[in-house]
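Take a walk through this chain, one region at a time. Keep the structure open as you read.

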Amino acid sequence: MMQSKLSRSALCFPALFLVLAWLSMQMAAQDAHKTWRLDYFHTGGPGLEAFSLDRVVVEPLAWPGHPSGNIEPRETGVYRFEIRDTSNHLLLFSRGYSSIFGEWTSTLEAGDFNRTFHESLRFPAPAGPVEVVINKRDPKGIFHQVWRTVVDPKSIFIDRASPPKQAVVEIERNGDPSEKVDILLLGDGYTAKERGKFVKDARRLTETLFRTEPFKSRRKDINVWALCPPSAESGVSRPSTGVYRTTPIGATYDVFGSERYVLTMENRAMREIACWAPYEFVEILVNNETYGGGGIYNLFSTVAAGNDWANYIFVHEFGHHMAGLADEYYTSPVAYQPPSEIVEPWEPNVTATTERGMIKWKDLIGATTPLPTPWPKEEFETFSRGIQERRRQIRAERRPESVMSALFREEQEHEMKLFGAAPFASAIGAFQGANYDAKAFYRPQVDCIMFTRNEVPFCAACNRALSEVMDWVTGKKAR
Ligand SMILES: [Zn+2]
């Protein structure tokens, strides 16, 4: 018996090997144009930062990017990941990005205990074994390798199962995803009955984006898709008012204790829904009326789609997400602690220097424009402090949202008048006050979508940064 068993195994082995080899070739052919995703856990706390592999998955759709855009032309983000050929270390793909973990490390609680966040890296299907490397910017702005792993496309543990299929709404299609910027609008907190409302919100916000430069002139370069799995209840969680909801994307207000900050920590759930649409950029529309939103570079942005200021929030947060634009405001409260040392920020629209030749947007500054550029700073700050105090009061007293909207309109009217009469109202220079700091950082123009809720365009530096991202995502410019 023993002899016979051995003979059968010996005979079967080459056949099994051939079948496995054939299967692996078949899978490689099927995966050739697909989007791959590496999911990992990012853990940190006092003295700790660790990465651990969750899984590698093959998403159901093709890679949506232009082949010429695989390597990012600039070094952006707090983190940057690279895909390299294991045999010769040739760089095949790179992307800068920021993360919820990265923001969390600048909050007070990160000094007290550990937390874990789920994150993803997406890239085109590799032809052979590749190393995946994550680099992190140090406080001086220099990148260092913090994690490395190897992905072998032949591994049987690469997950090729498709998550439950989602119905995609085509909001605007201007061409093949590989030639276009693909924006995905994800609905959260909309019930099945509210699907029509979601599509209406998605269309309205898309039109808002296309009324804003540089998106207005680039409309034909952009596709917009929408997805909205139904929620059991209407709206998303808002812990500061005792509201808790289980929603498909898991978006919530009050992130890091900031009442208006909306994010989701449920990355895997979000990715498994999003993977049914082609996308480079995602904005989550939450079905709420309370002012709120958020935006993280190359992760996602969010907006409370039912708020009176939703059109503004949508575009502002998308600026963070698409081009890594910094907040140019500095008088609203934020959850972050100030940096221990002031270094030049990597973001394209803020600077720590007033030296003409060192400013990122120096080519846009007129030869006679003074640096720093004068503006009615004291008057702005005095008025803004009053507004912030009343804003806190309105939330503390849980007044109706219309009261908050009225306060923002009052603020807008005052600022539009103040800036309109400013001596360098339309100049490009270096205006002190930006990036949550009244003194250390400068912004390019007196006003910008990244500074106030006023009816103004993106400043020249923000506009250029957004255009450059669209150029390389669509393959418009040789790298
Ligand atoms: Zn700006």
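What follows goes from the domains to a sheet, a helix pair, a loop and a hairpin.

This is a predicted model: local features need pLDDT of at least 70, side-chain atom pairs count only at pLDDT 80 or more, and totals for chains, interfaces and linings use all residues. Residues are numbered from 1 along each chain as its sequence is written.

Start with the domains, whose bounds come from an automatic or database domain assignment. That assignment gives domain 1 (31-151), domain 2 (169-324) and domain 3 (356-467). The centres of domain 2 and domain 3, taken over C-alpha atoms, are 25 Å apart. Domain 2 and domain 3 each give 16 residues to their contact. Two residues count as in contact if their C-beta atoms, placed from the backbone, lie within 7 Å. On the domain 2 side there are seven nonpolar, five polar and four charged residues. Here Ala, Val, Leu, Ile, Met, Phe, Trp, Tyr, Cys and Pro are nonpolar, Asp, Glu, Lys and Arg are charged, and the others, Gly among them, are polar.

Now find the open sheet. Its four strands run in the order β4-β3-β6-β7, with antiparallel pairing. Strands (E, at least two residues) and helices (H or I, at least four) are DSSP runs, numbered from the N terminus. Two strands pair if DSSP finds at least two bridges between them. β4 (91-97) and β7 (143-151) are the edge strands, each pairing on one side only. Eight bridges join β6 (residues 130-137) to β7.

Next, the helix pair. The axes of α3 (residues 195-210) and α5 (residues 310-323) come within 9 Å and cross at roughly 65 degrees. Axes are lines fitted to C-alpha atoms, for helices over the stretch in contact, and angles run from 0 to 180 degrees between N-to-C directions. From α3, Leu205, Thr208 and Leu209 meet Ala310, Asn311, Phe314, Val315 and Phe318 of α5. This contact has six nonpolar, two polar and no charged residues.

Look then at phenylalanine 256, in the loop between β11 (251-252) and β12 (263-264). Phenylalanine 256 and valine 334 are 78 residues apart in sequence, yet 9.2 Å apart in space, C-alpha to C-alpha.

Finish at a hairpin. Strands β16 (residues 431-434) and β17 (residues 437-443) run antiparallel, joined by three bridges. Phenylalanine 431 stands opposite arginine 443. Two residues lie between the strands, and asparagine 435 in the turn has a positive phi of about 55 degrees.
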